Amino acid sequence: MGRSTRATKALEQAGVAFSVHEYAYDPGADRVGLQAAEALGEAPARVLKTLMVLADGKPACAILASDREVSMKKLAASLGAKSASMMAPADAERLSGYKVGGISPFGQARLARVVLDADAAQHALVYINGGQRGLQVRLDPRDAVKVLRAEVAAVAA
């Protein structure tokens, strides 16, 4: 398999079928998810980004296609919160245990609620960050939902 991270170990422990895909991470890319999709030769709709957010001040995680923007209003509603906002990068790194550009929802240092965008959940296979810059795991989104105990909701703008 490729490199081992907390994310890949969490998936292995959960007994989830996945494959590891490495690519040349570009730290200067405007949008890391789109750069990953291009480097992997995949449609941006199947390469998902992981965003760390605060919903009524509590950490949460939103997963959606790399070519979509999150609607904070829809995200807050899906979490039963009044408001949601992006988490500061330093806080995201501290809470997740991963570096920005390599944040995975799997194997995070502190568990946060997770919402997977409904459109992303429709694909047979998706790519989600594997816990390191330049590392993606490909898996069935239903397995991701199960492992993360994620809610599926329309959160893309």
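**Terms and ground rules.** I began with exposure: buried means under 20% relative accessible area, exposed means over 50%, and partly exposed is in between (1.4 Å probe, protein chains only). This is a predicted model, where local features need pLDDT of at least 70, side-chain atom pairs count only at pLDDT 80 or more, and totals for chains, interfaces and linings use all residues. Residues are numbered from 1 along each chain as its sequence is written, and side-chain values use heavy atoms, leaving out hydrogens and water.

**Salt bridges.** I looked up how many salt bridges the structure holds. There are seven, a salt bridge being a side-chain nitrogen of Lys or Arg within 4 Å of a carboxyl oxygen of Asp or Glu.

I started with arginine 46, which pairs with glutamate 42; their closest N and O atoms are 3.0 Å apart. Arginine 46 has a relative accessible area of 23%, so I noted it as partly exposed.

Next came aspartate 119 and arginine 68, whose side chains form a salt bridge at 3.0 Å, N to O. Aspartate 119 is in the loop between β5 and β6 (126–132), while arginine 68 is in the loop between β3 (58–65) and α3 (72–78), so this pair ties together parts 51 residues apart in sequence.

I then found glutamate 151 bridged to arginine 113, with 2.9 Å between the closest N and O atoms. Glutamate 151 belongs to strand β8 (residues 151–153) and arginine 113 to strand β5, 38 residues apart.

**Nonpolar cores.** Last, I checked the cores, each a set of buried Ala, Val, Leu, Ile, Met, Phe, Trp, Tyr and Cys residues joined through side-chain atoms within 4.5 Å. The largest has 30 residues, and Leu48 and Phe106 are among those with the most contacts inside it. A second, separate core of 16 residues includes Leu51 and Val70.

Technical notes: Helices (H or I, at least four residues) and strands (E, at least two) are DSSP runs, numbered from the N terminus.
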